[in-house]
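Visitor: I've got a model open and would like a walk through its ligand sites. Can you take me around?

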Amino acid sequence: MYSNNEVDNWVKETAALTNPKDIVWIDGSMSQRKRLIDECLKSGELIELNQDKLPGCYYHRSDINDVARVEKCTFICTKSEKDAGPTNNWMDSEEAYKKLTNLFRNSMKGRTMYVIPYLMGPSDSPFSKVGIELTDSKYVVLSMEIMTKTGSIAMDTLKNSPDFVKGLHSKGNLDPQNRYICHFPEDKTIWSIGSDYGGNALLGKKCFALRIGSYMGYHEGWMAEHMLIMGIENPQGEISYIAAAFPSACGKTNLAMLIPPDIFKGYKVWTVGDDIAWMRIGEDGRLWAVNPEAGFFGVVPGTSMKSNPNAMMTIKRNTIFTNVVLTEDKDVWWEGINLPAPKKATDWKGNPWSPESGEKGAHPNSRFTAPAEQCPCISPEWQNPKGVPISAIIFGGRRAKTAPLVYQSFDWEHGVFVGATMASETTAASTGDVGVVRRDPMAMLPFCGYNMGNYFSHWLEMGKKISKPPLIFNVNWFRTDEEGNFIWPGFRDNFRVLLWILNRCKGKVDAIKSPIGYLPKAKDINISGIENKLSEKTLESLLSINKEAWDEEIKDQAAWFEKFDTLPEEIKSQYKLLTERLEVD
Ligand code: GTP
Ligand code: SPV
Ligand code: MN
């Protein structure tokens with residue numbers, strides 16, 4: 001495999017610090033993967049699942065204290081605190097290197113250090129970038145091989161453009177007290193220690209593709225966003241692409257691969273990506289997007305043949321299941337799978353479990369890791385080096401009361417404001433309280449690698465440069481009734497809302513101008529054939545704006561903006577306009 005001095009020297013230096021027993025370069029071959037899997041089966045890091053039913057599938061159980069991203073251990077490390085901004089944990093970069101050097105010293109003792117070269121994005125694409133991850137975790141290697149393009153393909157890319165992102169990862173002793181996920185955007189470097197969990201340890205994903213990526217995008221004039229990308233084909237065979245940013249565990253994977261309700265004959269959804277979008281202005285002046293990943297690291301609970309059949313088909317083979325229920329006959333099960341629970345099984349912690357035990361068998365943030373190409377509705381364009389052109393951007397989150405089912409922003413600038421004021425209930429994807437509403441601008445609160453005020457400015461600047469900017473919408477699938485039940489059926493029925501969005505993009509339907517944006521007329525969202533029926537009246541209530549909730553909302557927005565010292569003037573004036581519109585109303 002090709003290499004160069006910079007890579008070789010860095011590998012040597014790191015080995016001198018971390019002291020592994022040997023070094024193995026990952027070439028991306030099946031034979032090497034097979035050997036690693038065998039080693040994991042012997043060590044117990046993986047358990048082989050029933051190969052007749054689930055060929056190529058394996059079970060992994062994490063440490064019980066290592067099940068999600070840990071935001072309090074995640075740092076942006078720069079020379080100046082201002083560059084990390086008001087929303088990130090900051091550490092002085094020199095101090096961080098010092099502190100973590102001590103933790104990395106001998107951290108790989110007795111283990112193998114793997115060198116994983118990987119490519120993010122389609123081959124031969126101006127979007128794509130190389131990273132190299134050094135890790136002592138076989139689980140990380142096997143997961144990275146699914147989530148990215150590993151081996152020679154990445155090293156060969158370095159022949160022509162030698163730039164790469166340096167990622168150093170060690171499980172350490174998995175002690176939450178000594179867990180650090182540090183990003184040095186100024187050095188294109190990531191150092192992560194003490195966790196083996198996806199978002200903390202698969203450094204191509206959130207660490208590179210979003211935190212380092214967003215910093216690069218700011219300086220190089222492109223965007224790295226926490227967005228799914230999907231194509232919607234109409235009966236005439238035309239495909240429109242949209243990108244949508246929802247916070248973690250708020251429905252990106254599900255939306256990206258939905259199957260339209262039966263009444264919409266001739267429509268089809270194509271998945272381009274389910275979590276991350278890299279977007280650039282194309283030669284035609286429009287905004288184009290690629291999915292930098294090669295696999296899906298998806299939330300398992302709630303996934304069923306009813307809620308997401310395409311995901312169920314995707315995870316039938318070559319999939320790693322982490323922290324679900326393991327049955328006696330080496331099958332997997334989880335809450336919300338919509339299949340009978342096994343009578344006797346082992347839960348995610350490794351304890352005997354039965355449906356009567358009164359505890360959840362799968363961790364709420366249990367995950368599948370599966371190759372994207374196995375998805376039955378993977379877009380034929382998903383590896384197009386040019387990307388796909390984006391017609392609409394959708395923001396959304398979990399809001400029990402405030403946000404209506406859908407509304408459209410007045411223009412790009414107002415859309416950026418809508419994104420900047422996004423809020424959502426926290427989920428199990430990150431360690432800490434669940435169900436607490438917090439501001440999560442553009443679903444990037446945990447993932448923006450620089451000052452969030454400057455990030456808003458970057459969005460505003462991009463809008464000025466795009467010749468035909470995508471229209472910007474906000475959705476909320478999660479409004480609840482008095483008893484706390486979701487009112488909107490969600491999942492495949494979200495397609496009904498997407499059709500309204502596309503009709504707006506094509507200028508086919510008018511809308512009601514409200515203080516917060518353009519609202520649909522209830523008649524323009526087709527609700528016929530919804531299971532358990534949804535009345536026109538209920539739909540109208542989902543589209544209504546609650547005055548009291550919005551009075552609270554604007555107060556809270558003001559408090560949120562207080563944090564910023566680099567808030568763009570445009571955002572301030574959009575805030576003023578919103579308060580004025582709400583007062584008049
Ligand atoms: P990350 O991978 O953490 O970024 O999550 P994600 O945004 O891809 O979320 P995902 O699609 O995996 O959904 C997370 C949870 O929300 C799952 O338990 C889903 O079953 C549930 N969910 C997804 N879409 C809907 C919806 O439209 N309505 C309701 N009520 N729940 C949904
Ligand atoms: C998320 O939390 O948004 C995820 C899972 O997609 S992780 O890779 O852990 O970030
Ligand atoms: Mn995500």
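This is a predicted model: local features need pLDDT of at least 70, side-chain atom pairs count only at pLDDT 80 or more; totals for chains, interfaces and linings use all residues.

Visitor: Which protein atoms are the donors of the manganese ion (ligand 3)?
Guide: A donor here has to be an N, O or S atom within 2.8 Å of the metal. The protein donors lie 2.2 to 2.5 Å from the ion, so they pass that cut-off. They are Lys206 (NZ), His226 (NE2) and Asp275 (OD).

Visitor: Why is the arrangement around the manganese ion (ligand 3) called what it is?
Guide: There are six donor atoms around the ion, and the angles they subtend run from 65 to 174°. For six donors to count as octahedral, opposite ones must be over 155 degrees apart and all others between 65 and 115. With the angles it has, the site around the manganese ion is classed as irregular.

Visitor: What spacing do the donors of the manganese ion (ligand 3) follow along the chain, and how many residues apart are the parts that His226 and Asp275 tie together?
Guide: The spacing reads K-x19-H-x48-D. His226 is in the loop between strand 12 (223-225) and strand 13 (228-233), while Asp275 is in the loop between strand 15 (268-273) and strand 16 (277-281). So the pair ties together parts whose separation in sequence is 49 residues.

Visitor: Are His226 and Asp275 buried or exposed?
Guide: The cut-off for buried is under 20% relative accessible area. His226 has 0% relative accessibility, so it is under that limit. Asp275, at 9%, is under it too. Both answers come out as buried.

Visitor: How many charged residues are in the shell around ligand 2?
Guide: The residues around ligand 2 include Arg69, Lys205, Lys206, Asp275 and Arg367. By class, the shell has four nonpolar and three polar residues, and its charged residues number five.

Visitor: And ligand 1: which element gives the largest share of its shell?
Guide: Ligand 1 is surrounded by 22 residues. The largest share, three residues, belongs to helix 9.

Visitor: Which residue caps the N-terminal end of helix 5?
Guide: Helix 5 (residues 138-147) is mostly covered, with 10 of its 10 residues buried. Among them are Lys138, Tyr139 and Glu145. At its N-terminal end, a side-chain oxygen lies 3.4 Å from the backbone nitrogen of Tyr139, and that oxygen belongs to Ser137.

Visitor: Last one: how far apart are the C-alpha atoms of His60 and Val324?
Guide: His60 sits in strand 3 (residues 58-60). With a relative accessible area of 6%, His60 is buried. Val324 is 264 residues away from His60 along the chain, yet their C-alpha atoms are separated by 8.5 Å.

Definitions and conventions: Residues are numbered from 1 along each chain as its sequence is written. Chains are lettered from A and ligands numbered from 1 in the order in which they are written. Side-chain values use heavy atoms; hydrogens and water are left out. Donors are N, O and S atoms within 2.8 Å of the metal (3.2 Å for Na, K and Ca); water is not among the atoms, so sites may look incomplete. Four donors count as tetrahedral if all angles lie between 85 and 135 degrees; four count as square planar and six as octahedral if opposite donors are over 155 degrees apart and all others between 65 and 115; anything else is irregular. Helices (H or I, at least four residues) and strands (E, at least two) are DSSP runs, numbered from the N terminus. Buried means under 20% relative accessible area, exposed over 50%, partly exposed in between (1.4 Å probe, protein chains only). A residue is near a molecule or strand if one of its heavy atoms lies within 4 Å of it. Ala, Val, Leu, Ile, Met, Phe, Trp, Tyr, Cys and Pro count as nonpolar, Asp, Glu, Lys and Arg as charged, and the others, Gly among them, as polar. A polar contact is a pair of N or O atoms within 3.5 Å; within protein, one must be able to donate a hydrogen and the other to accept it, and residues adjacent in sequence count only if both atoms are side-chain atoms.
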